[in-house]
Amino acid sequence: MSVAVLVLMGSHNDWEIMQETGKTLDALGVSWDAHVTSAHRSPERTVELVRKGEADGVRVFICGAGMAAHLAGVVAAHTVRPVIGVPLPGGVADGLDALLSTVQMPAGVPVATVAVGKSGARNAALLATEILAVSDSSLTARLMALRAESAAAIAEADGRLTVQGAGR
Ligand code: RP5
């Protein structure tokens with residue numbers, strides 16, 4: 001099946017966070033699929049998934065991994081399609097290790113790295129959609145609607161705030 005975004009993660013344990021990527025893509029109407037594959041534990045399978053994804057028309061890859069997080073870098077080494085890396089918490093530095101492993105790519109093989117954890121998982125979906133929206137105005141409209149909803153939620157939250165002595 002042809003999907004626009006392929007989500008890969010290094011362990012089934014990563015799904016609790018990476019499902020936020022799927023939920024956000026669903027909310028934006030972007031087609032996606034997800035697989036567990038590891039740069040270390042299943043390197044050949046990882047390359048096969050990238051090759052098959054490219055052949056099937058995947059436009060953007062999103063890779064979530066924790067600890068020595070090399071999945072996004074290995075995927076980026078095998079494609080010139082955009083790769084977004086989501087560093088995941090856990091490990092000795094609770095995500096800082098994965099952040100540095102994901103972001104510190106050598107010149108020539110970029111990985112667009114987002115924040116550690118759930119915020120990053122959501123932002124990865126938004127960034128992928130922004131990339132797709134360059135050639136799809138309906139996606140631009142959906143992204144702008146989501147930004148408007150987000151701004152309205154902040155104003156609503158401010159309205160619920162009760163601050164003693166603020167004089168308002
Ligand atoms: C990474 O190692 C995975 O992405 C995961 O975040 C971490 C630990 O994997 P498990 O031992 O929980 O399977 O490759």
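A residue is near a molecule or strand if one of its heavy atoms lies within 4 Å of it. Keep that rule in mind for the ligand stop of this tour.

**Before you start**

This is a predicted model, in which local features need pLDDT of at least 70 and side-chain atom pairs count only at pLDDT 80 or more, while totals for chains, interfaces and linings use all residues. Residues are numbered from 1 along each chain as its sequence is written, and side-chain values use heavy atoms, with hydrogens and water left out.

**Stop 1: the whole chain**

Show the chain as a cartoon and you can find six helices and five strands (DSSP runs numbered from the N terminus: H or I of at least four residues for helices, E of at least two for strands). Follow the elements from the N terminus and they run β-α-β-α-β-α-β-α-β-α-α. Along the principal axes, the C-alpha atoms fill a box of roughly 65 × 40 × 30 Å.

Of the 168 residues in the chain, 39% are buried (buried means under 20% relative accessible area, exposed over 50%, and partly exposed in between, with a 1.4 Å probe and protein chains only). Now think about contacts (heavy atoms within 4.5 Å): among those between residues at least 6 apart in sequence, 67% join residues at least 24 apart.

**Stop 2: the ligand**

Which residues are around the ligand? Select Gly10, Ser11, Asn13, Asp14, Arg41, Ala65, Gly66 and Met67 to see them. Next, show the side chains of three of these residues. Serine 11 has a side-chain N or O atom 2.7 Å from an oxygen atom of the ligand. For asparagine 13, a polar side-chain atom also lies 2.7 Å from a ligand oxygen atom. Aspartate 14 has a side-chain N or O atom 2.6 Å from an oxygen atom of the ligand. Taken alone, the ligand exposes 360 Å², and the protein buries 73% of that (areas come from the Shrake-Rupley method with a 1.4 Å probe; for residues, only the protein chains shown count as cover).

**Stop 3**

Select histidine 12, in the loop between β1 (5-9) and α1 (15-28). Histidine 12 counts as exposed because its relative accessibility is 60%.

Threonine 37 belongs to the loop between β2 (32-36) and α2 (43-56). Is threonine 37 buried or exposed? With 1% relative accessibility, threonine 37 counts as buried. Look for two polar contacts here (pairs of N or O atoms within 3.5 Å; within protein, one must be able to donate a hydrogen and the other to accept it, and residues adjacent in sequence count only if both atoms are side-chain atoms). The side chain of threonine 37 makes one of 3.0 Å with that of serine 42, and one of 2.8 Å with that of threonine 46.

**Stop 4: proline 89**

Move to the loop between β4 (83-88) and α4 (96-103), where you will find proline 89. Proline 89 counts as partly exposed because its relative accessibility is 37%. Not counting residues up to four places away in sequence, proline 89 touches Ile17, Asp94, Gly95, Val116 and Gly117.

**Stop 5: threonine 129**

Finish in helix α5 (residues 118-133) by selecting threonine 129. Threonine 129 counts as buried because its relative accessibility is 0%. Leaving aside neighbours within four places in sequence, threonine 129 is in contact with Leu25, Leu28, Val30, Leu139 and Leu143.
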